[in-house]
Amino acid sequence: MDPNDILKQMIAFNRSVFENAFNAVTVILEQREKMIDMFFEHTPWFPEEGKKIVGEWIKVYKKSRSDFKAAIDESFKKVDDYF
């Protein structure tokens, strides 16, 4: 078997592992977000300022997660182009 084919298979395997792990973590984080929303719905005494802070934190976290995913995808694309 050609060494380049082996490397391509290894890269495809690593990409698949990353995609599956990233998707699993994303599902967990989305469930956490739903739990936080339910908590806020059932605790009217929680300050609005605190809710805003948590909302902003979630937005930043989502953006950072998507930026991370884009960077990894770009890295895999560069490796694909190289081989």
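Trainee: How do I read the accessibility of Y82: buried or exposed?

Mentor: The scale is relative accessible area: buried is under 20%, exposed is over 50%, and partly exposed is in between (1.4 Å probe, protein chains only). Y82 has 69% relative accessibility, so Y82 goes down as exposed. F83, with 32%, is partly exposed. Keep in mind that this is a predicted model, where local features need pLDDT of at least 70 and side-chain atom pairs count only at pLDDT 80 or more, while totals for chains, interfaces and linings use all residues. Residues are numbered from 1 along each chain as its sequence is written, and side-chain values use heavy atoms, with hydrogens and water left out.

Trainee: How many aromatic pairs does the structure hold?

Mentor: Rings of Phe, Tyr and Trp (its six-membered ring) pair if their centres lie within 6.5 Å; planes under 30 degrees apart are stacked, over 60 edge-to-face, the rest tilted. Here there are 9 such pairs. One of them is F40 with F46, a tilted pair with 4.9 Å between centres and 40° between planes. F40 is buried at 14% relative accessibility, and F46 is partly exposed at 22%. Y82 and F83 also pair: their planes meet at 85° with the centres 5.1 Å apart, so this one is edge-to-face. Ring pairs also join F18, F22, F68 and F76 into a cluster.

Trainee: Which ring face does K69 lie over?

Mentor: A charge sits over a ring if NZ of Lys or CZ of Arg is within 6 Å of the ring centre and within 35 degrees of the ring normal. K69 lies over the face of F22, 5.8 Å from the ring centre. R32 does the like with Y61, at 5.4 Å. Beyond its neighbours within four places in sequence, K69 has contacts (heavy atoms within 4.5 Å) with F18, E19 and F22.

Trainee: K69 is in which helix?

Mentor: In α2. Helices here are DSSP runs (H or I, at least four residues), numbered from the N terminus.

Trainee: And how do α1 and α2 cross?

Mentor: Two packed helices are described by the angle between their axes and the distance between them. Helix α1 (residues 3–41) and helix α2 (residues 48–82) have axes that come within 12 Å and cross at roughly 170°. That makes the two roughly antiparallel, a label for angles over 145 degrees. The contact of α1 with α2 has 14 nonpolar, 2 polar and 11 charged residues.

Conventions:
Axes fitted to C-alpha atoms, helices over the stretch in contact; angles between N-to-C directions. Parallel < 35°, antiparallel > 145°, perpendicular 65-115°, else oblique. Nonpolar A, V, L, I, M, F, W, Y, C, P; charged D, E, K, R; others polar.
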